[in-house]
Amino acid sequence: TIVDKGNHRHFMAKEIHEQPEVVSHTLTSFIDMVGETIRLPEDLPFDWKDLNRLTISACGTASFASMIAKYWFERYARLPVEVDIASEFRYREAPLDKGGLSIFVSQSGETADTLAALRYCKEQGQHTLAVVNVPTSTIAREAEVMVRTLAGPEIGVASTKAFTCQLAALAGLAIGAGKARGTLSAAEESELVHALIEAPRLMAEALRLEHEIETFSRDLAKASDVLYLGRGTSYPLSLEGALKLKEISYIHAEGYAAGELKHGPIALIDETMPVVVIAPFDAIFEKTVSNMQEVAARGGRIILITDAKGAEAAAMATLKTIVLPEMPAVVTPIVYSVPIQLLAYHTAVIIGTDVDQPRNLAKSVTVE
Ligand code: G6P
């Protein structure tokens with residue numbers, strides 16, 4: 001297949017803008033749109049009810065999608081989850097129950113460490129399920145069960161649409177697992193599914209904030225270090241935000257669980273340090289706001305990504321806000337990815353780096 005940039009300057013821009021469409025495709029592959037229920041892959045070689053634990057291994061951006069999925073599997077399916085960086089997992093000789101389930105998340109399906117982790121789990125008698133974007137890939141072929149993300153070819157080295165499609169697929173699996181394990185009622189299932197169906201529309205709304213986000217990028221482009229903070233599923237998203245920025249703009253960035261601020265990163269904060277805070281107005285919003293006030297008190301320049309209620313509750317003179325629509329918690333990581341990606345993208349464009357082919361990075365790491 002020949003893929004071009006269309007009207008976009010970079011593949012990354014095109015891929016960011018494609019997200020409402022490809023996330024919608026991915027959702028359609030496992031959601032019954034009429035009944036608003038999850039259709040799990042049929043004839044699974046394991047029973048969700050028998051599982052005591054789930055292991056998820058991945059690298060890079062896919063590992064952050066996996067970390068977000070941990071919150072979902074634990075909340076919706078009451079299934080304890082261990083998420084591991086595949087390069088660590090493969091050499092750790094982790095004890096695994098025979099008949100347990102291991103999930104592998106990979107855009108390319110060819111990442112050497114993720115593949116090695118898959119082979120290790122098979123040797124240990126684990127059932128294996130791969131969430132992959134390339135259905136002909138080695139990981140797709142070697143896993144017992146394949147769940148496809150329908151992102152289409154991703155050309156930009158920095159992953160964007162593959163990530164949000166991974167989130168969509170993993171959310172579907174977690175809700176499906178909850179349904180199978182009886183930890184979600186039919187009403188809860190349909191409420192969650194209904195929320196997922198809304199995700200593409202909400203992403204399209206987030207894309208409309210691009211111009212405003214670009215103005216914030218001018219600030220980031222001048223920084224030498226940027227901190228990203230979040231709690232709950234916004235914590236792995238803060239890791240992904242920092243990864244995106246460093247990959248393509250070469251600005252040093254770190255993601256941190258907001259609650260860890262006092263345990264280290266607060267020492268770095270001064271007037272030159274932008275801090276991106278990811279905080280939808282949810283049950284832990286107040287906690288994040290108090291971390292934000294600690295940042296503001298030390299002169300840190302805050303960009304808050306939130307919704308209208310969050311913006312009102314956090315009102316501070318020094319604050320820059322990106323205000324997204326209000327939405328159910330299950331879709332916030334999917335939708336909040338959009339401003340995170342746009343911030344990194346525009347920062348890199350302002351700096352003038354090679355956005356689609358950043359130095360030293362490869363799209364797929366097939367050797368160790
Ligand atoms: C490389 C790419 C990343 C990707 C990671 C894992 O580092 O640059 O964008 O997240 O590999 O790749 P995978 O294909 O396994 O998802």
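## Contacts and overall form

Of the contacts in the chain with a separation of 6 or more, 75% are between residues 24 or more positions apart; two residues are in contact if their C-beta atoms, placed from the backbone, lie within 7 Å. This is a predicted model, in which local features need pLDDT of at least 70, side-chain atom pairs count only at pLDDT 80 or more, and totals for chains, interfaces and linings use all residues. Residues are numbered from 1 along each chain as its sequence is written.

The chain has 13 helices and 12 strands, which are DSSP runs (helices H or I, at least four residues; strands E, at least two) numbered from the N terminus. The radius of gyration of the chain is 20 Å, close to the 21 Å that the globule rule gives for 368 residues, so the chain is as compact as a globular protein of that length. The radius is taken over C-alpha atoms, and the rule is 2.2 Å times the number of residues to the power 0.38. Along the principal axes, the C-alpha atoms fill a box of roughly 55 × 45 × 40 Å.

## The five-stranded sheet

Five strands form an open sheet in the order β9-β8-β10-β11-β12, with parallel pairing. Its edge strands, β9 (252-257) and β12 (320-324), each pair on one side only; two strands pair if DSSP finds at least two bridges between them. Strand β8 (residues 225-230) is joined to β10 (residues 274-278) by 4 bridges, and V277 in β10 is the bridge partner of L229.

Helix α11 (residues 285-297) lies across β8, β10 and β11 (301-307), running at about 160° to β11. Axes are lines fitted to C-alpha atoms, for helices over the stretch in contact, and angles run from 0 to 180 degrees between N-to-C directions.

## Around the ligand

Of the 16 residues around the ligand, G60, T61, S106, S108 and T111 come nearest; a residue counts as near if its C-beta atom, placed from the backbone, lies within 6 Å. Helix α3 (residues 60-76) gives the most to this shell, with 3 residues.

## Residue Q126

Q126 is found in the loop between α5 (112-123) and β6 (127-132). Q126 is buried because 21 other C-beta atoms lie within 10 Å; the cut-off is 20 or more for buried, 12 or fewer for exposed, and partly exposed in between, with C-beta atoms placed from the backbone. Leaving aside neighbours within four places in sequence, Q126 is in contact with L96, G100, L101, S102 and C121.
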